[in-house]
Amino acid sequence: MKILVCIKQVPDMESKFKIDAAGTWYAKTDLAWRMNEYDEYAVEQAVQLKEQVKDADVTVLCIGSDQVKETMKKALAMGCDRGAHIADDNAGAKEPFQIAGIIAEYARDKNFDIVFTGLQSQDRGSAQVGILVAEMLGLPSVSTVVHFTYAEGTIEAKRELEGGVKACVKVQAPAVITCQLGLNTPRYPTLPNIMKAKKKELLSIPVQDLLKVDARQETAKMYFPEKKGGGLVLEGDVAELADKLIRILKEKTAVLA
Amino acid sequence: MEFTREIYWNVGHGAWTLVPMYLFALVAIGLLVRGFLQRIAVYKQGLPLNRTDRMGRRIRYMLQNVLLQTKVAEVPWPGLLHGLFFWGFALLFIGTTLIVIQADFTDLLFDVKFLTGSFYKLFSITLDIAGLVCIAMLGGLLVRRYFFAPEGLPTKNDDAIMHGLLLIILVTGFIIEGCRIAVTELGTPLAIWSPVGLVMAKFLSGMGEGGLLAMHKVTWWFHLSLVMTFFILIPLTKFRHIFTTSSNYLFADLGPKNKLVNIDLENEEADTFGANNIKQMTWKDIFDADACTLCKRCQDRCPAWNTDKPLSPMKVVVQLGEVAFANQDANLIDTIGRDVLWACTTCRACQEICPAKIEHIGKIIEIRRSLVLMEGEFPGDEVMTAMEATEVNGNPLGIGYAERGDWAVDLGIKTLSEDADVDVLYFVGCYASFDKRNIAVAKSFIKLCQAAGVKVGILGKEEKCCGEPMRKMGNEYLYQSVAVENIEVMKSYGVKKVVTTCPHCYNTLEKDFRDLGFEVPVESYTVFLGELIRTGKLRIDARELSCTYHDSCYLGRHNDIYEAPRGLIEAAGGKLVEMDKNRSEAFCCSAGGGRIMAEEKIGERINVKRVKMAVATGAETLLSNCPFCLTMFEDGVKGAGVEESLRPKDIAEILAERIH
């Protein structure tokens with residue numbers, strides 16, 4: 001069995017974000033990087049499936065600069081067998097159709113039985129890539145998966161719908177699965193596996209070899225939401241707090257008038 | 001008359017006595033040696049560990065503890081009874097040896113007798129009193145164990161055998177003496193030099209000489225058999241502690257206290273890390289189990305045990321011994337249990353008090369290493385999240401690393417990247433960098449430094465967690481990666497001295513980082529500020545404060561810094577009321593050993609229990625020196641419902657409020 005799992009390196013959401021000079025994406029300074037949360041579920045599910053069927057080979061794919069190899073190593077340490085690094089220093093500027101195009105181009109002649117992706121990325125959040133990959137490869141796709149089983153070529157998945165409702169879906173492999181929070185608990189890599197991961201195959205492929213589609217959308221502008229009102233937290237001594245509160249109520253409202 | 005006595009009186013000094021006696025002794029000692037050789041083979045299953053370096057110091061330490069019973073006497077009553085028994089028994093052993101030397105060597109071969117005259121009188125009265133003291137102490141210990149057993153004291157067959165055998169040996173010794181005195185010494189001036197024997201003689205004298213002679217002979221052989229049985233039983237029962245506990249002083253960890261062994265992560269041959277099998281522990285870990293006397297002093301002080309968690313340090317040590325001797329293939333994690341292993345706060349209360357110098361913490365961490373590094377297991381998802389947060393942002397709180405220095409922005413201090421020419425580097429630590437309550441402590445410390453004219457710098461966003469909670473949880477890989485990054489940054493700036501306000505950072509930089517090539521001197525802020533006050537650079541206006549003080553485990557037991565913080569409190573005008581459990585007996589706040597990252601799900605809350613101890617002093621302020629303690633006490637005063645009457649504060653805060 002051949003499994004592909006697609007991951008993305010994203011900034012930690014606790015980082016202090018700033019808009020970049022072009023005004024169309026976030027600046028790369030002072031960011032801590034990690035694996036996209038939903039992709040961790042994808043990696044975990046791929047490795048669990050491998051452990052279930054025994055005879056399987058898991059390829060982890062990631063698009064980005066050399067820096068993303070760190071995140072790929074974590075996926076390898078979690079149990080993926082080999083890495084396909086699509087070298088692209090400008091991956092952040094590519095729109096979902098291009099990213100999907102690159103992945104589909106890579107996967108086209110490799111006969112993967114199952115492709116796992118995260119439901120969406122934490123930074124761009126388009127939730128399009130997995131489904132576009134499926135369309136481009138002519139495969140069925142199941143999105144927002146929170147439960148997954150596989151037996152003899154048949155996938156049974158539960159999808160999370162609005163309002164806590166779940167849908168049960170049955171599909172024959174090959175197929176694309178996009179993974180949602182709740183699907184599993186990603187494992188913490190063991191030290192022997194971290195060591196082994198350092199020696200696993202991790203090939204870099206230039207993005208131009210795989211990018212065969214044109215962008216269909218562009219980001220016009222990126223900006224922080226305007227601050228509107230919002231809460232005000234008063235702190236300090238109780239007596240001073242009371243004075244402050246009265247002042248605010250007098251200045252900004254009519255309740256004391 | 002000559003003051004002496006006939007050795008082998010009544011039993012005879014011929015072949016009919018000596019041959020069976022020495023044969024018996026030879027067999028007994030042979031069995032004793034065989035018993036220990038068998039045990040040594042079991043110890044040798046463990047990994048090597050060098051505990052025979054610095055032999056002079058080791059021997060001194062052993063003699064001090066064996067002869068003076070220093071560690072044993074740290075718990076007064078049972079310690080005193082054991083100590084007096086030991087000294088009495090040692091004198092009896094020496095006395096008996098002198099008799100053997102004279103009768104079967106010096107007198108037999110060279111006609112030299114030294115048990116005569118005044119020396120004999122001293123010898124006789126000494127042994128008499130020693131025997132009496134032994135009986136009294138043994139009786140006391142027996143009453144304590146069997147009639148007023150302290151809670152949690154395990155009593156087994158071994159204890160019955162030991163008490164019974166020793167008591168009978170001592171009593172039969174006096175019966176033999178009584179019979180002899182009744183026949184040979186009654187009415188002579190010699191008799192009073194054996195006062196106990198004399199009383200026994202008067203008691204027995206009604207039997208008549210025939211009866212006395214027969215009784216003497218039978219009791220003599222019976223006494224001899226019991227002594228030989230004692231030798232045979234040493235390796236087979238808790239009697240073995242005579243040798244193993246004594247040896248454990250010799251093999252003691254000479255420090256620095258509780259410094260963990262670095263795992264070599266460069267070694268590509270290694271395929272297992274930590275210990276999940278007894279053969280992955282060291283020989284000393286197995287030996288420790290044999291040195292344990294089940295005195296349960298560790299258990300009495302364990303904060304986990306005292307709050308209804310399943311961890312007993314004593315039980316862990318005993319279980320490792322059981323596995324080593326009887327069940328070598330057992331999985332240590334399953335045998336000891338996950339809840340037990342995760343419950344340890346590494347507070348060191350167990351090791352500090354252990355009269356056998358057993359090292360509990362290292363064992364637990366070695367097995368935790370196996371859980372984390374080999375299984376990827378943690379006590380809860382929250383701990384895994386904290387580990388991942390540390391990997392990504394260099395702190396277990398998960399806050400963006402770039403904000404690490406934000407607390408200091410308006411304080412007029414610079415990061416070393418802005419200006420590396422500073423007197424001291426303040427290694428802030430995660431809590432004082434990110435946690436609002438502890439940022440107040442960091443700011444107080446800066447204020448104090450500035451008042452004293454000390455130029456202090458920080459690393460800002462270049463600082464990472466020191467890795468202490470991760471390391472104590474068993475995550476050696478993560479610890480070493482953050483440690484190495486910290487060390488490289490500090491080296492690149494040529495840092496001359498580091499001060500910390502966190503005892504966990506202090507302990508890690510001062511001990512653990514040394515194995516990774518860090519050589520810069522490190523000081524706790526309590527010592528650093530104390531010196532600034534002493535030299536007059538920092539002037540504090542004493543103002544009265546009703547307070548009690550909590551010794552953090554890592555400043556106290558782990559680093560023996562007890563007086564410096566008390567000196568600061570005194571300088572601030574603090575009226576210190578000590579809690580019952582203070583200094584080396586202080587009760588942990590619950591957050592050590594990486595437990596700061598974990599939820600406390602089992603039993604009573606340790607921090608609330610400690611806060612209640614502080615409440616009992618009647619003090620208004622609970623002072624501490626550690627961000628973890630402060631965090632736990634802020635939570636604990638709410639848990640105990642005393643947030644109105646007891647304020648937790650750091651020592652730096654009360655000093656900063658009193659700058660001249």
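Which residues does F445(B) touch, not counting residues up to four places away in sequence? In this predicted model, in which local features need pLDDT of at least 70, side-chain atom pairs count only at pLDDT 80 or more, and totals for chains, interfaces and linings use all residues, the residues touched by F445(B) are Y426(B), T501(B), Y525(B) and A652(B), where contact requires C-beta atoms, placed from the backbone, within 7 Å. Residues are numbered from 1 along each chain as its sequence is written, while chains are lettered from A and ligands numbered from 1 in the order in which they are written.

F445(B) is also among the residues with the most contacts inside the largest nonpolar core, which has 142 residues. A nonpolar core is a set of buried Ala, Val, Leu, Ile, Met, Phe, Trp, Tyr and Cys residues joined through C-beta atoms within 7 Å; a residue is buried if 20 or more other C-beta atoms lie within 10 Å of its own, exposed if 12 or fewer, and partly exposed in between. Helix α15 of chain B (residues 360–375) gives the most to this core, with eight residues, helices being DSSP runs of H or I with at least four residues, numbered from the N terminus. Another core, of 56 residues, lies apart from it and includes C62(A) and Y106(A).

Between the chains, 15 residues of chain A are in contact with 18 residues of chain B. On the side of chain A that touches chain B, the largest share, four residues, comes from helix α5 (residues 191–197) of chain A.

Key
Helix = DSSP H or I, 4+ residues; strand = E, 2+ residues; numbered from the N terminus. Contact = placed C-beta atoms within 7 Å.
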